[in-house]
Amino acid sequence: MSDKAEKQEETLTSPEEIQEKYDALRRENEEIQQKLAQLDGQKREHERVLEVLQPLEDDRKCMRAVGTVLIEKTVAEVKPALKENLKNLETIIGQITTAMDTKQAEIRDFVKKYEQANAGVAQKAAASNETRKEAASQGVLA
């Protein structure tokens with residue numbers, strides 16, 4: 001973690017700031033999970049298409065979507081491109097999985113850090129309340 005990020009975390013003193021930072025970390029993690037699910041769906045789709053194309057003759061015509069345009073090609077031309085795309089998807093999925101693991105570790109560390117900090121604040125507040133209660137129960141003549 002960079003020095004700037006550490007300094008920024010140290011300035012989180014109010015419960016609202018802590019909650020906002022936690023919510024932001026959770027949103028980032030959810031975005032990563034959504035992207036991972038999207039890429040995983042694309043990977044499964046590529047695998048299914050390759051399974052369908054496998055038994056077909058190489059000179060057979062097939063259509064490939066490039067953006068919003070369908071292009072006529074042969075099975076022999078499409079298979080290598082699909083295999084390359086599948087390989088790239090697997091690489092990207094691995095990178096995003098690593099990023100997600102890192103973000104989850106960051107969230108765990110954040111929770112652990114501020115649970116301890118909040119526990120100390122809560123104990124101080126409880127002690128302060130006890131002192132006030134004792135002072136209030138003594139009355140005027142004490």
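A residue counts as partly exposed when its relative accessible area lies between the buried limit of under 20% and the exposed limit of over 50%. Arginine 44 has a relative accessible area of 41%, so this residue is partly exposed. The model described here is predicted.

The mean pLDDT of the protein is 81, and 73% of its residues reach 70 or more. Among the elements, strand S2 (residues 69–74) has the highest mean pLDDT, at 94. Helix H1 (residues 3–10) has the lowest, at 50. Over residues 135–142, pLDDT stays under 50. For that stretch the model has zero contacts beyond four places in sequence. Where pLDDT is low, predicted coordinates should not be read in detail.

Helix H2 covers residues 15–53. Its 39 residues should span 57 Å at 1.5 Å a residue, and the end C-alpha atoms are 57 Å apart, so expectation and model agree. Several residues of H2 are buried, including Ile18, Leu25, Ile32, Leu36 and Leu39. Asn29 and His46 are also among the buried residues of this helix.

The structure holds six salt bridges. One of them joins the side chains of arginine 44 and aspartate 40, with an N to O distance of 2.6 Å. Both residues lie in helix H2, four residues apart, or about one turn of the helix. An α-helix has 3.6 residues a turn, so residues three or four places apart point the same way. Aspartate 40 is partly exposed, because its relative accessibility is 29%. Glutamate 47 and lysine 43 form another salt bridge, at 3.8 Å from N to O. This pair, too, lies in H2 with a spacing of four residues. Glutamate 47 has a relative accessible area of 28% and is therefore partly exposed.

A further salt bridge links lysine 61 and glutamate 72, whose closest N and O atoms are 3.3 Å apart. Lysine 61 lies in strand S1 and glutamate 72 in strand S2, so the pair ties together parts that are eleven residues apart in sequence. Lysine 61 counts as exposed, because its relative accessibility is 61%. Elsewhere, Glu28, Lys103 and Glu106 are linked in a network of salt bridges.

The surface also carries a nonpolar patch. Val66, Val69 and Ile71 make this patch, which has an area of about 210 Å². Valine 66 is placed in strand S1 (residues 61–66). With 41% relative accessibility, valine 66 counts as partly exposed.

Terms used. Residues numbered from 1 in each chain as written. Predicted model: local features only at pLDDT ≥ 70, side-chain atom pairs only at ≥ 80, totals over all residues. Heavy atoms only, no water. pLDDT = per-residue confidence, 0-100. Helix = DSSP H or I, 4+ residues; strand = E, 2+ residues; numbered from the N terminus. Contact = heavy atoms within 4.5 Å. Patch = residues over 30% accessible without salt bridge, like charges linked within 9 Å, V, L, I, M, F, W, Y side chains within 5 Å. Areas by Shrake-Rupley, 256 points an atom, 1.4 Å probe, with all protein chains shown as cover. Salt bridge = Lys/Arg side-chain N within 4 Å of Asp/Glu carboxyl O. Buried < 20%, exposed > 50% of the residue type's maximum accessible area, 1.4 Å probe, protein only. Expected span 1.5 Å × (residues − 1).
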